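Please keep the sequence and the structure at hand while reading.

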Amino acid sequence: MDAVMQLSEQPDIKELFEVLESHGMKKEQHEVETLVDYIESMETQFTKILDELKEVRGQLDQISDKGLRATAARFVEGAEQKVQSVIGQVTHIKEKLIHSARAAVETAKERGADALRRAVSAMKIPTVLSLMRDFMRDGSQSMTKSAEKLTVINKELKIAGGHLRNAGRTLMGKTAKEQSGKVMDKGILIGIQKAFLSFGKVFSDMEQRAGRAMRQIERFRDGEERTQPQKKSSVRAELRQIKSEKSARQPRKPRAQEKVR
């Protein structure tokens, strides 16, 4: 992801905001700003997750049990793939939005306000937010399931490991004792489990944020329409007038035809 310049600072996005504001298109400006804010938030959140996953991967080497280490590594790899998939989606949406913003500005210069309004509508911002909300929900569920599986593995490790390790000591009349390596393994697993729960919360928060953004767009749109009832009626009046003028310009039928009829 582009860590050098935020999306809102991209020249094409800034110019689009300026053009929309100059045309008084508050609804369209609000929609674009909402998507830009959401993308920037995603970039921040998932960059943090990637950094945390690097730390988690560094802890895997400290797990003494090879089988357990391999299992934990699979969970971490799955999480990395999920996050990389999100980053790919964000990058794609970001690049497409910049391209669309550039095209919308050019359209406004060449064909005016109505074409600009159609260009912004063609960005389908509510649809993009809906897709991202679904994607975030899937990611949240995936992270939560991984955390639950790690919890089960940790419990099984504690029960089975305790029995196996202490069987020999009991036969020799020694007090049962847990090996320090296994204690460390369990501690690392707990840490990874907590990390996955944290990742799941980020996905869940972004899912909810997408939903709120969609509702805000809808409320803003409804509010703007309610405050402009006269504009709608005047448009209808203009259409009626155009139709009337068109009828008046049509040539009248010759008198001969009228007599025949």
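Ile-98 touches Leu-7, Gln-10, Asp-12 and Ile-13, leaving aside residues up to four places away in sequence; contact means heavy atoms within 4.5 Å. Ile-98 lies in helix α3, a helix being a DSSP run (H or I, at least four residues) numbered from the N terminus. The C-alpha atoms of Ile-98 and Lys-14 are 9.9 Å apart, although 84 residues separate the two along the chain.

The model is predicted, so local features need pLDDT of at least 70 and side-chain atom pairs count only at pLDDT 80 or more, while totals for chains, interfaces and linings use all residues. Residues are numbered from 1 along each chain as its sequence is written, and side-chain values use heavy atoms, with hydrogens and water left out.

Two residues can be set side by side for accessibility. Buried means under 20% relative accessible area, exposed over 50%, and partly exposed in between (1.4 Å probe, protein chains only).

| Residue | Relative accessible area | Class |
|---|---|---|
| Ile-98 | 13% | buried |
| Lys-124 | 51% | exposed |

Lys-124 is located in the loop between α4 (113–121) and α5 (125–171). Its phi is near 50°, a positive value in a residue other than glycine.

Helix α3 (residues 66–111) also packs against α4. Their axes come within 7 Å and cross at roughly 160°; axes are lines fitted to C-alpha atoms, for helices over the stretch in contact, and angles run from 0 to 180 degrees between N-to-C directions. The two helices, α3 and α4, are therefore roughly antiparallel, the term for angles over 145 degrees. On the α3 side the contact is made by Ala-104, Thr-107, Ala-108 and Arg-111, and on the α4 side by Ala-113, Ala-115, Leu-116 and Ala-119. These residues divide into 6 nonpolar, 1 polar and 1 charged.

Notes:
Angles under 35 degrees count as roughly parallel, over 145 as roughly antiparallel, 65 to 115 as roughly perpendicular and the rest as oblique. Ala, Val, Leu, Ile, Met, Phe, Trp, Tyr, Cys and Pro count as nonpolar, Asp, Glu, Lys and Arg as charged, and the others, Gly among them, as polar.
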